[in-house]
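Q: I am new to this structure. Could you walk me through how to read its features?

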Amino acid sequence: MSGKPKESLTTKEFIKTLGWIFKIYYKISPTKTVILIITRIIRDSRSLIYGAFFAKILDELVRISQSEVKDVRVLIPYLLGLLLYYIFVAGLVNNIFQYSYRGLRQLSRNQLEILFAEQLNYLGIQNLEDPEVVSRIHRASQWLYETFMTLNDFTYFISQIVQVFISGAVILSFFPIMIPILIILTVIKFFPDRHFMKKDFHWQVDNTEGKRIAGSSISAVQNPNDLQEISIVGGYNFFVDKFNSFYNWFNEGALKIIKEREIANFLLMTLDSIVGVSGYGVIFYKFILGEFTLGTASFQMRALDTFSSSLDSILGSITMMNEFAVKMKDLITLFEMKPAIKDGTVKLPYLETPPHIEFRNVSFKYPKAKKYVFKNLNFSINRGEEVAIVGHNGAGKTTIVKLLSKIYQVTKGEILINGQNINDLTIDDWYKNIGVLFQEFNFYPYLTVKENILLGKPMEKINEKKIIEASKNADAHEFIMEYQNKYDQVMSERIEGGIRPSTGQAQKIAIARFFYRNAPLAIFDEPTAAIDAVSEYKIFNRIYDFFDNKTVIIISHRFSTVRNADRIIVLDKGKVVEEGKHEELIKRKKGIYSKSYNLQAEGYK
């Protein structure tokens, strides 16, 4: 899959893209979408409607001025007509259009965000870890709201076609040769405009990753958390220079394109003016010869201008829509992507008894990687067993968690849950039965303490008693009660009345969320990295007690925290090299566990 959008679209893809965009907005608001198109056609035709009406008034004025009897009462119907035009055509239709336009744009803002979030959630984490997909998501998120601009361009395109037909019929009646001349001129102007638009578009798109890196660099010195270390090490100028270096180069290229485009536009505008004035000359000549009235002459001039400008607009809209559609193609591709892991079909009820887990001949390597993390890995975890998995960095501990979380699928072999292949289980049903606390835990500073914890079971009715119990198990209740607003305290100093908790406090609140979830299968992946040793000791003792009737998997590099597990599995280079209780493994003086445990213990002396 290419990380860059295609240069152009086929006609079929172009139509499909417009249809996809129309379908989204029609789904958001059918009425406003249809009214937007209808009122746009009428609104953009005001010039011709007014021109035709004004031509009649002008001829009537000339007739009255040349008449011996100056009866101005004949102008009353024309004045009433003008009043109705301004009220209904120039006024009401425009107001309805603006209401539909702004209303649809307003409604679409949150709806598009929801659609985008739903699709990312649907794609799954494996897709979202692919660098090419990340770049596509970055572009798509920027272009998401431009779907509305494409819809707007499409409605404008339709209205201009209507105006071309009406004004073309007028020109055909007095100067038919002007139609092919104007069409040829428009085509001549179209190709340079298309060239520069495409050049500008690709300059923007081809440097997406550079802009992303530059944006991250400037964000680093705008983020108070990052700025602490950056200021201390004197890295501020490094990040600013990195940002400036890219945009000085990028803007130089962008300005060069703009300059070339405006020079070309000036030359083409000069040619356009010559043809337009020539058309006026023919109208003036025929008027002098008496072939038509002054009002008709003024309407023909308006029709000539409208035909020329509408042709320009049509081809310009096609170019604009095509370039936007190329962006939308990138967005549509994202929405058409399927999860890297196909969902299972086997329903799994909420498990009243903890699950039995078996890794049977499991081999796994990450997508695009050549090296296997595991080859023929075999181990099992009994129902209600508390198992700790230890090993050096890169041994494959966290990969086991990702496989059990269905973030990835095994390359070969199978993982069995109560004898059922995990791939066959529906992901939602499986997720109802597991709780995973990652080392890079989620913390939501814009939420309250209570909300951070209740997210362990967000779909269930809040149980205040269990929230407090979970906090106590996570060694968090005491400091929460010291907050001004207790469990209703917002966890960000950037929000009025909020505070900024320490990293350790934030991690304890995340652990409390995990206790509150209380799933049949509990997985802890290095959950206490930011917590002091005393709290860590307390929390792990409570984990063993609280989850006594659950299947528990603890991933840790701290051997002191896993000694109370029912069984310890030692991984090394993707293989199980030792397993047993703490006391058994310590006796193996030359074993990996014994050596590592003694080294860590020595460090605490």
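A: On a 1 Å grid over the protein atoms alone, a pocket is an open set of points where a 1.4 Å probe fits, with protein on both sides within 12 Å along at least five of seven lines; lining residues have an atom within 4 Å of a point. Grid points are joined across faces, edges and corners, and a volume is the space filled by probe spheres set on the points. The second largest pocket holds about 390 Å³ of space. It is lined by 15 residues, and those closest to its centre are Asn-225, Phe-443, Pro-445, Met-491 and Arg-500.

Q: What kind of model is this?
A: This is a predicted model: local features need pLDDT of at least 70, side-chain atom pairs count only at pLDDT 80 or more, and totals for chains, interfaces and linings use all residues. Residues are numbered from 1 along each chain as its sequence is written, and side-chain values use heavy atoms, with hydrogens and water left out.

Q: Which elements supply at least two residues each to the lining of the second largest pocket?
A: Helices (H or I, at least four residues) and strands (E, at least two) are DSSP runs, numbered from the N terminus. Here, α10 (224-233) and α18 each supply at least two.

Q: How much space lies in the largest pocket?
A: About 1800 Å³. Of its 44 lining residues, Asn-121, Tyr-431, Ile-434, Phe-438 and Arg-517 are the closest to the centre.

Q: How do the lining residues of the largest pocket divide by class?
A: Ala, Val, Leu, Ile, Met, Phe, Trp, Tyr, Cys and Pro count as nonpolar, Asp, Glu, Lys and Arg as charged, and the others, Gly among them, as polar. The lining of the largest pocket has 24 nonpolar, nine polar and eleven charged residues.

Q: How many aromatic pairs does a search of the whole structure find?
A: Rings of Phe, Tyr and Trp (its six-membered ring) pair if their centres lie within 6.5 Å; planes under 30 degrees apart count as stacked, over 60 as edge-to-face and the rest as tilted. The search finds 33 such pairs. One of them is the tilted pair of Phe-116 and Phe-335, 6.5 Å centre to centre with 50° between the planes. Phe-116 sits in helix α4 and Phe-335 in helix α12 (residues 294-336), 219 residues apart.

Q: Is Phe-116 buried or exposed?
A: Buried means under 20% relative accessible area, exposed over 50%, and partly exposed in between (1.4 Å probe, protein chains only). Phe-116 is buried because its relative accessibility is 8%.
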